[in-house]
Amino acid sequence: MKIKNVELECVCGVTSPIKECTLPEFAFAGKSNVGKSSLINALMQRKSLARTSAQPGKTQTINYYNINDELYFVDLPGYGYARASKEVTAKWGKMVERYLHQSSVLKAVFLLIDIRHEPGNNDKMMYDWVVSSGYSPIIIATKLDKINRSQIQKQVKLIRTSLGASKETVIIPFSATSKDGRDDIYDVIDGFSCN
Ligand SMILES: Nc1nc2c(ncn2[C@@H]2O[C@H](COP(=O)(O)OP(=O)(O)O)[C@@H](O)[C@H]2O)c(=O)[nH]1
Ligand SMILES: [Mg+2]
């Protein structure tokens, strides 16, 4: 995959209708602070088009990044923000559910999990949600640079087991710092795009 031009084309608020796209979409989901914006920036080869912040849980929007006029990266709002009110959490759930059910051009959902930690209940819920919407989530194990190489396989196994994911489920360790794993993610996207 070659990045030629990227543009933040649309920011959907919680109550706005889901954007009707004609180009294929690739969605990114994960807990706040897991490294979603950093991953999207790395994939777009831009430093800061997708916001990265130390203040998790701020954005409750679905952001559509147009890539080469060929496809969209869809940044779903992060979950599991400790101080989020029940109301915010409920709105988030409705929005994500609406998205997963309504998008007719959604090709794949990437679910981001911090490679250092066992997935939590929210992660498990999100995983099940994606599966029940008819997709096989592709797991990105983020912040790869924060662990020792010798720990990678153990952590990947822990993530697989905790999520109840099958052997076929693709888990890609990734670092936004070193960009390790980025080509594997491009390959996955390319694989879907030509179908
Ligand atoms: N060391 C390291 N830090 C990361 C990585 N990805 C994200 N971060 C840091 O984790 C924090 C949250 O990242 P961000 O992309 O904003 O997460 P988001 O809330 O999921 O969008 C920021 O301080 C990032 O710099 C990574 O691969 N390695
Ligand atoms: Mg973010």
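## Reading the labels

Helices (H or I, at least four residues) and strands (E, at least two) are DSSP runs, and they are numbered from the N terminus. Keep in mind that what you're looking at is a predicted model.

## Two residues with positive phi

Let's begin with K143. You'll find K143 in the loop between β6 (138-142) and α4 (152-163). Its phi is near 65 degrees, which is a positive value in a residue other than glycine. K143 has a relative accessible area of 22%, so it counts as partly exposed.

D69 also shows a positive phi without being glycine, this time near 55 degrees. Look for D69 in the loop between β3 and β4 (71-75). D69 counts as exposed because its relative accessible area is 53%, and the cut-off for exposed is over 50%.

## A nonpolar patch on the surface

Now turn to L8, V11 and L49: together they make a nonpolar surface patch with about 220 Å² of accessible area. Of these, L49 sits in the loop between α1 (36-44) and β3 (62-67). L49 is partly exposed, since its relative accessibility is 34%.

## The second largest pocket

Rolling a probe the size of a water molecule over the atoms shows where empty space is left. Here, the second largest pocket holds about 190 Å³ of space.

What lines the second largest pocket? It has 14 lining residues, and K31, S32, V34, D114 and H117 lie nearest its centre. Strand β5 (residues 106-114) gives the largest share of the lining, three residues. Sorted by class, the lining has six charged, four polar and four nonpolar residues.

Definitions and conventions
Residues are numbered from 1 along each chain as its sequence is written. Chains are lettered from A and ligands numbered from 1 in the order in which they are written. This is a predicted model: local features need pLDDT of at least 70, side-chain atom pairs count only at pLDDT 80 or more; totals for chains, interfaces and linings use all residues. Side-chain values use heavy atoms; hydrogens and water are left out. Patches are made of residues with over 30% relative accessible area and no salt bridge: like charges are joined within 9 Å, nonpolar side chains (Val, Leu, Ile, Met, Phe, Trp, Tyr) within 5 Å. Accessible areas come from the Shrake-Rupley method with a 1.4 Å probe; for residues, only the protein chains shown count as cover. A salt bridge is a side-chain nitrogen of Lys or Arg within 4 Å of a carboxyl oxygen of Asp or Glu. Buried means under 20% relative accessible area, exposed over 50%, partly exposed in between (1.4 Å probe, protein chains only). On a 1 Å grid over the protein atoms alone, a cavity is a set of points where a 1.4 Å probe fits but cannot get out, and a pocket is an open set with protein on both sides within 12 Å along at least five of seven lines; lining residues have an atom within 4 Å of a point. Grid points are joined across faces, edges and corners, and a volume is the space filled by probe spheres set on the points. Ala, Val, Leu, Ile, Met, Phe, Trp, Tyr, Cys and Pro count as nonpolar, Asp, Glu, Lys and Arg as charged, and the others, Gly among them, as polar.
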